[in-house]
Amino acid sequence: MAKRQTAGRDNLGEFAPQFAALNDDVLFGEVWSKENELSAHDRSMITIASIISAGNIEQLDAHLKIGKKNGITKDEIVAEITHLSFYAGWPKAWSAFNRAKEIWKED
């Protein structure tokens with residue numbers, strides 16, 4: 001990711017400064033930036049699958065938007081969520097589809 005992440009500091013900087021720094025500097029600054037190991041597209045696919053599987057729907061919108069910016073197409077997200085529905089659960093897939101269709105509604 002070329003753009004520096006500030007969501008941790010923006011949302012939790014005063015309340016949980018260490019967590020915010022780890023989010024922005026380590027997770028997004030170091031791990032996500034290693035595109036020679038995994039592309040941003042692939043990292044987004046993995047992250048979205050993990051979020052859906054764990055049922056962490058509150059975090060899903062942000063990562064779907066990041067995924068779209070990282071080149072995930074509507075067809076790819078539909079295929080991913082459909083595949084996950086059999087492993088992660090049907091209700092989680094419904095929740096994910098409801099959010100994804102809003103983000104890819106213009107595609």
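For my notes, two residues are in contact when they have heavy atoms within 4.5 Å. I call a residue buried when its relative accessible area is under 20%. I kept in mind that this is a predicted model.

**Entry: the record.** I checked UniProt, where an unreviewed entry lists residues 17-102 as "domain: Carboxymuconolactone decarboxylase-like". Over residues 17-102, I found 83% helix and 0% strand. The end C-alpha atoms of that stretch are 32 Å apart.

**Entry: helix 3 by itself.** I checked the length of helix 3. It has 15 residues, so at 1.5 Å a residue it should span 21 Å. Its end C-alpha atoms are 21 Å apart, which agrees. After helix 3 comes Gly-55, with a positive phi near 75 degrees.

**Entry: what is buried.** Which residues of helix 3 are buried? I listed Ala-40, His-41, Arg-43, Ser-44, Thr-47, Ile-48, Ala-49, Ile-51 and Ile-52. Then I looked for what covers them. The cover includes helix 2 (17-31), helix 4 (57-69), helix 5 and helix 6 (90-103).

**Entry: helix 3 against helix 5.** I took helix 3 (residues 40-54) and helix 5 (residues 74-88) as a pair. Their axes come within 10 Å and cross at roughly 35 degrees. The crossing is right-handed. From helix 3, I noted His-41, Met-45, Ile-48, Ala-49, Ile-52 and Ser-53 in the contact. They meet Glu-76, Ile-77, Glu-80, Ile-81, Leu-84 and Ala-88 of helix 5. I sorted the residues of this contact into eight nonpolar, two polar and two charged.

Terms used
Residues are numbered from 1 along each chain as its sequence is written. This is a predicted model: local features need pLDDT of at least 70, side-chain atom pairs count only at pLDDT 80 or more; totals for chains, interfaces and linings use all residues. Side-chain values use heavy atoms; hydrogens and water are left out. Axes are lines fitted to C-alpha atoms, for helices over the stretch in contact, and angles run from 0 to 180 degrees between N-to-C directions. Helices (H or I, at least four residues) and strands (E, at least two) are DSSP runs, numbered from the N terminus. A crossing is left-handed if the near helix is turned anticlockwise from the far one by less than a right angle, and right-handed if clockwise. Ala, Val, Leu, Ile, Met, Phe, Trp, Tyr, Cys and Pro count as nonpolar, Asp, Glu, Lys and Arg as charged, and the others, Gly among them, as polar. UniProt positions are given in the numbering used here, feature names are shortened, and annotations may be inferred rather than shown by experiment. The expected span of a helix is 1.5 Å times one less than its number of residues. Buried means under 20% relative accessible area, exposed over 50%, partly exposed in between (1.4 Å probe, protein chains only).
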